[in-house]
Amino acid sequence: MRDFLKINPADNIILALKDLKAGAELTVDGQSIILREDILRGHKIAAAGINENENIVKYGYPIGHATAVILPGELVHTHNTKTNLSGQEEYSYSPAFTDSPFRNEQRTFKGYRRKNGKAGIRNELWIVPTVGCVNGIAEKIISRFEKHTGGQNPFDQALVLKHSYGCSQLGDDHENTKQILLDAVHHPNAGGVLVLGLGCENNEMEEFRKSLGTVDESRVKFLVSQEVSDEIEAGFHLVKEIYEAAKDDKREDVPLSELNIGLKCGGSDGFSGITANPLLGRFSDYLIAQGGTTVLTEVPEMFGAETILMERAENEEVFEKVVSLINDFKGYFLEHKQPVYENPSPGNKAGGITTLEDKSLGCTQKAGTSKVVDVLPYGGTLRKKGLNLLSAPGNDLIASTALAAAGCHIVLFTTGRGTPFGTFVPTMKISTNTQLYETKPHWIDFNAGTLLEEEISADEVLQQFTNYIISVASGELVNNEKNDFREISIFKSGVTL
């Protein structure tokens, strides 16, 4: 492996690809520099002298400015770099589009065709509580059902979408809870759903049922616990009815154009923007060339890189939506008297990320180079094929839940530090470095760290990755499913009664 990488010719830093010792000599653009201190892998080194207040440039863009003179060979990090970000900004539409390098290959996956025409990649039984009070009842119903069937049923898995809300909420919080749960009921990965209520919650069952609109009544059932004498037995009988409707479900060929993929990162490190995130970007472009759909979220991790997305808005209407997405989220920070740049996390910094711009320029690479066709509100569901942006915070579980609720079949999750969690759809972990993949094989599903190794090309890695995603869409389990690490989390910003 090489000692360092200069990502863009305009950069005034280089990235250490391995731990380097003080005194080591590196040749950068034909010039020799001596390391003035030990440098950890993933961290930045001044490739030339940088003056105080001069921009630090990485990926060809400023990631902040120097707070002191930085000599060639010195570490560039939080001790001598500060963000350039402040508050809300004004933007102008300057479109810049790139032709896709990919062609439509007419590939398919094995999925489940639903009555409404949508396709799912799993056939699962979900219990969706309208309020957190009934989480325990839902688990008892699942246990009763699994004991009865002995595991011999058509469902890949039975899952309770446990949460702590549905009551004691007002305004947007109440609507957010309701909308995420409505979205889950309609998700095509569910072969059947029991909506379970208590009977006295704000998230009233009758109103919830009306808001759902049309559903397959053989697959979606409703139960209010306070209205029956034995809610576990009543729930069990409803689940048995769902079982009868689903028992003959079979996988069939589905065009790749029907696949919806969420793009997410967490526990990022200095390699995120050069291995795993660009891999997701190339896959996003590939899937969109097949007629498929990808969704990028984590709005605070677009700050500092938002103009890259804005110039790819397919028209001025979408551009204005992107502007609102960014400035509205900045307004959320400012309303709570918090700086918009309070990111990256301690783990990000330990991995080599210095400022929010540094993180964002790596994060947005997951979206590849395709046009942005739509912007979805929090709780919104997909309306257009292609690259979509979704309003949600950077929090891993909240954002991943929002991606699943939007209609994503799978969430692709890149990480340089590692995380075991998963949301209610398959949550595939892609490591940015080989060391993490080898240390946590029970967490990590795919290793993008091979992109740092010279034995394999980026095209070969993309082909392996694409084949793996199709296998997962056709039924192969990822680690969060094997471990049964599956949760939801709903965005909350207001008053709790």
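1. Two residues are in contact when heavy atoms lie within 4.5 Å. Helices (H or I, at least four residues) and strands (E, at least two) are DSSP runs, numbered from the N terminus. Residues are numbered from 1 along each chain as its sequence is written. The model is predicted, so that local features need pLDDT of at least 70 and side-chain atom pairs pLDDT 80 or more, while totals for chains, interfaces and linings use all residues; side-chain values use heavy atoms, without hydrogens and water.

2. Overall form. The protein contains 13 helices and 23 strands. Its radius of gyration is 24 Å, close to the 23 Å given by the globule rule for 497 residues, so the protein is as compact as a globular protein of that length. This radius is taken over C-alpha atoms, and the rule is 2.2 Å times the number of residues to the power 0.38. The C-alpha trace spans about 80 × 50 × 40 Å along the principal axes.

3. Among contacts with a separation of 6 or more, 71% join residues 24 or more positions apart.

4. Domains. The assignment, which is automatic or from a database, gives domain 1 (4–82), domain 2 (124–248) and domain 3 (254–483). The C-alpha centres of domain 2 and domain 3 are 29 Å apart. At their meeting, 13 residues of domain 2 are in contact with 15 residues of domain 3.

5. Helix α10. How many residues of helix α10 (residues 396–405) are buried? The count is 9 of its 10 residues, and the helix is mostly covered. Among the buried residues are L397, I398, L403 and A405.

6. Residue F465. Helix α12 (residues 458–473) holds F465. Is F465 buried or exposed? F465 counts as buried because its relative accessibility is 0%. Leaving aside residues up to four places away in sequence, F465 touches L279, L280, F283, L412, M428, I430 and F446. With L280, F465 forms a pair 185 residues apart along the chain, yet their C-alpha atoms are separated by 9.1 Å.

Terms used. Buried means under 20% relative accessible area, exposed over 50%, partly exposed in between (1.4 Å probe, protein chains only).
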